Structure formats: C-alpha cells, structure tokens
Amino acid sequence: MQEQSLVPQPSVLRLPVAQIRHVFSPAEVERKLARLQEAGNQRDYDNLRSVYERMLERGPERFQVKPAGVPDMAGLYEALPNFSAVLDDVKRHVALAQDSSDGLEVTPMLLLGPPGIGKTHFARRLAELLGTGMNLLPMSSMTAGWLLSGASSQWRGARPGKVFEALVEGEYANPVIVVDEIDKASGDAQYDPLGALYSLLEHDTAQSFTDEFAEVAIDASQVIWITTANDSRNIPDPILNRMNVFEVDAPTLDQARTIAHKLYQSIRAGHDWGRLLDPEPPDDVLDVLAQMPPREMRRALMTGFGNARLERRASMQVADLPKAAAGRSRIGFVQ
C-alpha cells in the first residue's frame with residue numbers, strides 16, 4: 001500500500017503528524033464493479049454495487065496520525081493510576097515512531113481485569129491521546145463472526161463487517177478499535193465470532209484483509225487493537241499469543257480517591273452548571289466515592305451534583321450521594 005507525507009513534522013507545536021495511506025486499491029474495486037455491471041440479475045447486487053460506488057467516491061486515502069513528539073502523559077497517569085503499565089507500553093511505541101517516517105504501530109493489547117475498573121474509558125482516552133478515531137465492538141452482543149469480517153453478498157441482508165466500515169467510512173488508516181468483553185463472544189458451529197481476529201491481529205496478514213461481503217483487500221495493518229476481558233480462560237490461546245496481556249488491578253483506595261477527585265473536577269468543568277458548585281469536593285465525599293468501582297463514580301457524582309443543586313447548595317454532601325453508595329464496602333479494591 002502506498003504511503004506519502006502529508007504534513008511535515010512541526011518543530012515547535014506538538015500537533016499530530018499526518019500521513020496519507022492507501023487502504024485499498026481503486027483499480028480492484030473498479031474491476032469488481034465492472035463485473036457486477038455484466039451480471040444478469042442487477043437487483044441481487046444493488047447493495048454490493050452501492051458499496052463499491054461508495055468506496056470509489058470516498059477514495060482510498062486515509063490519514064495515518066501519530067503524536068509529534070512523545071506527548072505529556074502525566075495527566076493520564078494521574079487520572080488512570082491503575083493503567084500505568086499499559087501507558088508505559090504506549091509511550092514506548094510512540095517513542096519508536098518519533099524522528100522517522102514510520103507510522104505509529106501499537107502491539108495489540110488485552111486489558112484483563114474485573115468489570116467497572118475503567119478499561120473502556122482508558123481506550124477512549126488513548127484514542128484522544130493518539131489523535132485518531134475509536135470504534136467500539138461489544139462482543140457480548142455479537143453472535144456471528146461476520147460482524148467483524150462481513151458476510152457473503154449472496155446472503156440476504158448481508159453487509160460489510162465492522163473493520164471494513166471503520167476503514168472505508170472513517171477518516172483514519174489507524175483507528176483505535178476496541179473489542180470489548182472479548183471473553184463473552186458467543187457463536188455456533190458455523191460462525192466463530194473471533195475467527196477474523198486470527199488474521200487481523202497479525203501485521204503481515206492484516207495488510208491484505210479481505211472482507212467477505214466486498215471481497216476487496218483492505219489494509220488493516222495500522223489498526224490499533226485494544227481488547228478487554230474479565231477472564232482470559234474463554235479466549236483461545238492463538239489469539240492471546242497475538243497480544244500483549246496486561247492484568248489491570250482494581251485501584252487501591254488512594255488511587256480510587258484520586259480518580260474520584262479527577263472525575264469530580266472533570267464533570268464540573270464540562271458543564272455550565274459546574275460554576276455553581278465548589279471547585280473541590282469535601283474529603284468525606286471522596287472517602288465514599290473511593291469505595292466504588294470507577295464506572296459507578298460518574299453516576300454517583302451526577303446524583304450528588306443534582307441533589308446539591310436541589311438544595312441550592314454549592315457544596316456536595318455525603319447525603320447527596322446515592323444511599324447504596326454510602327454503605328458500600330471496599331470489596332474488590334486493592335488495599
């Protein structure tokens with residue numbers, strides 16, 4: 001696949017460096033489209049023809065972005081203290097791509113840990129850091145492999161898979177694709193929902209990944225793969241062996257307190273009504289919030305903010321938080 005420089009690396013500003021990468025061959029699409037024009041029953045191929053026409057309309061060029069210079073990740077380390085090992089790995093990959101024409105490559109990763117500790121939130125923050133888009137694929141709701149790799153156009157209601165859509169309809173050659181709860185993927189004897197990952201997670205084979213609907217080779221080699229799971233026992237070994245596995249612990253009590261503090265400030269700063277509330281949460285509120293998994297903190301804070309405003313107070317109190325939260329124990333947290 002061709003690659004050419006689009007934006008020179010800035011010497012002062014730390015902006016994302018963009019290149020153009022061709023993610024498919026227009027000539028191949030044109031050949032496929034010409035064959036459809038020669039086919040007998042045109043109506044049977046309307047969806048496939050529309051896909052080919054859309055590909056030619058959008059063209060094959062996509063941005064491949066990377067940070068210009070190793071970004072300051074101190075804020076992420078502070079906001080996501082239990083993901084330090086993962087952030088260290090990302091920083092190494094970013095450093096390798098600096099001072100060269102190479103694009104950013106990140107080894108596929110598995111974030112393994114209990115539910116509610118912020119694995120999906122981490123993926124969103126990583127996409128923001130890298131300046132690329134993010135696509136979330138919840139495997140718990142996927143029952144067939146074709147949702148990743150597409151289904152043959154001969155099937156009624158068939159359509160391209162999610163990877164094809166991310167690269168053809170998206171703006172980036174290296175989007176972050178999050179395969180959420182990969183351990184909960186379910187299928188039947190005919191369809192393996194994880195089957196497409198055997199080639200997608202390998203750099204060499206991903207360069208010419210073929211969606212079963214479009215039957216056109218797509219360069220998916222630059223996709224940044226993040227998978228999450230609560231338990232690795234249901235993940236096939238060949239897939240595990242293609243990823244860096246990070247066991248993410250629940251935050252310690254002190255880390256959870258820091259997360260709660262950062263989340264309070266983030267929510268308050270993100271809303272106009274935040275100016276009516278104190279810039280700092282009381283210590284006893286943080287003590288209660290620190291008992292919760294990070295996923296639950298946001299809901300509890302929104303309830304607390306709302307109750308404080310109902311009482312026309314600027315300061316949140318423990319009584320403003322959901323009652324279940326106030327009596328929560330520290331089960332599940334690292335002491």
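Guide: What follows is a conversation about a predicted model, taken up one label at a time.

Visitor: What makes D89 count as buried or exposed?
Guide: Buried means under 20% relative accessible area; D89 has 7% relative accessibility, so D89 counts as buried. D89 lies in helix α4, which covers residues 84-97, and, leaving aside residues up to four places away in sequence, D89 touches N244 and F246.

Visitor: Which strands does α4 lie across, and in what sheet are they found?
Guide: Helix α4 lies across β4 and β10, running at about 150 degrees to β10. Both strands belong to an open sheet of 5 strands, in the order β5-β6-β9-β4-β10, with parallel pairing. From one strand to the next, the twist averages 20 degrees.

Visitor: Why are β5 and β10 called edge strands?
Guide: Strands β5 (134-138) and β10 (244-247) each pair on one side only, and they are the edge strands of the sheet.

Visitor: How do you know that β4 and β10 pair?
Guide: Pairing requires at least two bridges between two strands, and 4 bridges join β4 (residues 109-112) to β10, the two running parallel. One of the residues involved is L112, whose bridge partner in β10 is E247.

Visitor: How do you know that the span of α5 agrees with its number of residues?
Guide: The 12 residues of α5 should span 16 Å at 1.5 Å a residue, and the end C-alpha atoms are 17 Å apart, which agrees. This helix, residues 119-130, lies across β4, β5, β6 (176-180) and β9 (224-229), and runs at about 160 degrees to β5.

Visitor: What makes the buried residues of α5 line one face?
Guide: The buried residues of α5 are K119, F122, A123, L126, A127, L129 and L130. Viewed down the axis of α5, these buried residues fall within an arc of 160 degrees, so they line one face of the helix. Just after α5, G131 takes a positive phi of about 75 degrees.

Visitor: Why is the pair of F83 and F122 called stacked?
Guide: The structure holds 3 aromatic pairs. Ring centres must lie within 6.5 Å to pair, and planes under 30 degrees apart count as stacked; the rings of F83 and F122 have centres 4.8 Å apart and planes at 5 degrees, so this pair is stacked. Because F83 lies in the loop between α3 (74-79) and α4, while F122 lies in helix α5, the pair ties together parts that are 39 residues apart in sequence. Both F83 and F122 are buried.

Visitor: What makes the pair of Y264 and F305 tilted?
Guide: Stacked planes are under 30 degrees apart, edge-to-face planes over 60, and the rest are tilted; Y264 and F305 have 45 degrees between their planes, with 5.0 Å centre to centre, and form a tilted pair. The pair links helix α11 (residues 253-269), which holds Y264, to helix α13 (residues 294-310), which holds F305, 41 residues apart. Ring pairs also link Y264, W273 and F305 into a cluster.

Visitor: How do you know whether Y264 and F305 are buried or exposed?
Guide: With the cut-off for buried at under 20%, Y264 is buried at a relative accessible area of 0%, and F305 counts as buried at 2% relative accessibility.

Definitions and conventions:
Residues numbered from 1 in each chain as written. Predicted model: local features only at pLDDT ≥ 70, side-chain atom pairs only at ≥ 80, totals over all residues. Heavy atoms only, no water. Buried < 20%, exposed > 50% of the residue type's maximum accessible area, 1.4 Å probe, protein only. Contact = heavy atoms within 4.5 Å. Axes fitted to C-alpha atoms, helices over the stretch in contact; angles between N-to-C directions. Expected span 1.5 Å × (residues − 1). Arc of directions from axis to C-beta. Phe/Tyr/Trp six-rings, centres within 6.5 Å; stacked < 30°, edge-to-face > 60°.
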